[in-house]
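Please read this briefing alongside the sequence and the model.

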Amino acid sequence: MSVAGLRTAARETVSGLPRAFWWLWLSTLVNRLGGFVATFMALYLTLDRGYSASYAGLVAALHGLGGVISSLGAGVMTDRLGRRPTMLIAQLSMAVSVAVLGFMEHPVAIAAVAFLVGMASNASRPAVQAMMADIVPPKDRIRAFSLNYWAINLGFAVSAAAAGFIAEYSYLAGFLGEALMVLACAVVVFLKVPESRPAQAAPERTADGKRAKDEVRITTVLRDGRFMGVVGLSFLVALIFQQGYVGLPVAMGADGLSSSDFGTAIAVNGVLIVALQIPVTRFIQHRDPRRLLIISSLLAGYGFGLTAFAGSVGVYALTVCVWTLAEIVNAPTQTGLVVQLSPARGRGRYQGMYTMSWSVAALVAPLMSGFVIDHYGAAWLWGACAVIGTVAGFGYWLLMRNLPREELPDGEEPVIEPAPVPVQARPDQAEPDPAVERAG
């Protein structure tokens with residue numbers, strides 16, 4: 001493709017999205033650029049503090065458990081308090097808890113604060129995803145979710161590289177640095193990101209004066225059979241992808257490869273996402289989501305399945321290429337499907353349930369990989385991934401038959417409240433592009 005063609009493609013990729021989306025995108029990037037602690041937590045606990053690997057694993061599990069618990073709570077807050085207040089509460093809590101964690105010395109205190117950090121770090125996700133669904137029209141949502149996913153991975157790649165240098169200087173500097181970056185993210189949200197929650201009509205009353213039960217509750221989400229099926233399939237796919245960070249390093253170590261060899265292989269994942277996420281999204285954004293989810297599930301399963309035949313860094317890297325392509329296709333498509341199945345006034349709760357599926361997978365995956373590798377060998381783990389991917393693909397085929405097209409229900413337009421702006425700025429500068437038509 002010529003330089004002019006690349007410029008045109010880039011312009012088409014980023015054009016037409018509302019201004020509020022780009023401020024939200026920037027806040028995501030800033031947040032991920034400061035993601036130092038998750039990268040070096042295990043090294044900090046074992047090398048700097050002198051704790052055992054078992055204790056480090058316990059802290060990691062508590063961190064993940066905090067994320068599981070906060071997913072649903074943050075979803076409820078997103079619908080009740082609003083997207084913007086939930087993000088601000090989550091980010092301020094994250095900044096404080098991460099900074100405090102850097103000063104903790106007693107093992108119980110470290111574990112307790114790590115649990116709080118896990119809760120805070122996961123609490124903003126339902127609000128971010130619900131807000132994107134509010135302000136971006138349906139035809140552009142796959143593109144918007146893809147750009148946001150690209151920002152997450154770009155920020156993670158940079159922060160992961162910086163974490164090593166920061167840890168050599170001072171682990172405390174890493175904790176405080178992440179706290180400052182999250183605080184900067186909160187400032188961006190406070191100054192530039194408007195509220196987008198759909199307008200809440202006055203609750204209707206029944207003939208006897210009681211409040212009508214027409215609002216979306218957690219029980220409403222749990223009774224939504226098709227959506228809970230998607231949540232279950234999302235858990236299966238997430239369980240596969242998590243093996244890239246829990247099962248893969250163990251298998252490579254068993255083959256006599258070093259941690260730097262694993263770093264080289266897994267770096268392919270980040271490089272490919274940064275390089276291919278946007279062009280691949282341009283290719284898939286108007287294609288059948290059912291096919292995309294089926295294909296990505298199979299690619300993920302069999303990509304990891306091929307790992308059973310790997311024995312060198314080069315072959316491991318090739319398998320990473322296969323399942324990374326599945327990740328690039330699956331992530332924005334899956335998020336778009338969740339939005340399509342969610343009522344506008346219950347997006348927070350629905351997104352919270354979806355986020356929880358990934359958090360639970362992050363807890364289960366290490367247990368799964370450890371048990372299978374210890375008792376049966378790594379080849380069985382990769383075979384199980386292929387089976388799980390096949391089951392997920394078949395599940396998407398069943399669930400998405402006769403899936404209705406997304407429509408904009410009457411009365412579900414979000415009210416975009418201008419964010420606070422400096423006196424010299426006009427309030428309408430914070431409003432989204434009129435072309436959005438306040439999609440709900």
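Phe 283 is found in helix α12, which covers residues 259-284; helices here are DSSP runs of H or I with at least four residues, strands are runs of E with at least two, and both are numbered from the N terminus. At 54% relative accessibility, Phe 283 counts as exposed, because buried means under 20% relative accessible area, exposed over 50%, and partly exposed in between (1.4 Å probe, protein chains only). Phe 283 and Val 329 lie 46 residues apart in sequence, and their C-alpha atoms are 9.9 Å apart in space.

This is a predicted model, in which local features need pLDDT of at least 70 and side-chain atom pairs count only at pLDDT 80 or more, while totals for chains, interfaces and linings use all residues. Residues are numbered from 1 along each chain as its sequence is written, and side-chain values use heavy atoms, with hydrogens and water left out.

**The chain as a whole**

- The secondary structure of the protein chain consists of 16 helices and zero strands.
- The protein chain has 440 residues, of which 48% count as buried.
- Among contacts in the protein chain with a separation of 6 or more, 86% are between residues 24 or more positions apart; contact means heavy atoms within 4.5 Å.

- Helix α15 runs over residues 347-375, and its 29 residues should span 42 Å at 1.5 Å a residue; the end C-alpha atoms are 42 Å apart, which agrees. The expected span is 1.5 Å times one less than the number of residues in the helix.
- α15 has a kink of about 30° at Val 364, shortly before the proline Pro 366. The bend at a residue is the angle between axes fitted to the seven residues ending there and the seven starting there.
- Gly 377, which follows α15, has a positive phi near 110°.
- For α14, 28 residues at 1.5 Å each should span 40 Å, and the end C-alpha atoms are 40 Å apart, in agreement.
- α14 also has a kink of about 30°, at Asn 330, shortly before the proline Pro 332.
- Of the 28 residues of α14, 20 are buried, which leaves the helix mostly covered.

**Helix α7**

- Helix α7 (residues 125-135) is largely enclosed by the rest of the structure, because ten of its eleven residues are buried.
- The buried residues of α7 include Pro 126, Gln 129, Met 132 and Asp 134.

**Salt bridges**

- Side chains of opposite charge can pair when their charged atoms come close.
- Six salt bridges are found in a search of the whole structure; a salt bridge is a side-chain nitrogen of Lys or Arg within 4 Å of a carboxyl oxygen of Asp or Glu.
- One of them joins Arg 83 to Asp 79, with 3.4 Å between the closest N and O atoms. Both Arg 83 and Asp 79 are buried.
- Asp 79 also meets Arg 349 in a salt bridge, at 3.1 Å from N to O. This pair links distant parts of the chain, since Asp 79 is in helix α4 (residues 53-80) and Arg 349 is in helix α15, 270 residues apart.
- Arg 347 and Asp 134 form a salt bridge at 2.6 Å, N to O. Here helix α15, with Arg 347, is linked to helix α7, with Asp 134, across 213 residues.
- Arg 347 and Asp 134 are both buried.
- Through shared partners, salt bridges join Asp 79, Arg 83, Asp 134, Arg 347 and Arg 349 into one network.

**Nonpolar core**

- The largest nonpolar core has 49 residues, and Phe 227, Leu 248 and Tyr 316 have the most contacts inside it. Such a core is a set of buried Ala, Val, Leu, Ile, Met, Phe, Trp, Tyr and Cys residues joined through side-chain atoms within 4.5 Å.
- α11 (225-254), α12, α13 (289-305), α14 (313-340), α15 and α16 (378-399) each give two or more residues to this core.
- The most, twelve residues, come from α11.
- Beyond its neighbours within four places in sequence, Leu 248 is in contact with residues including Phe 262, Ile 266, Tyr 316 and Trp 382.

**Gln 91 and the cysteines**

- Gln 91 is in helix α5 (residues 83-101) and counts as buried at 4% relative accessibility.
- Setting aside neighbours within four places in sequence, Gln 91 is in contact with Val 182, Cys 185, Ala 186 and Val 189.
- Cys 185 is buried, with a relative accessible area of 1%, and Cys 385 counts as buried at 0%.
- A search of the whole structure finds zero disulfides, a disulfide being a pair of cysteine sulfur atoms within 2.5 Å.
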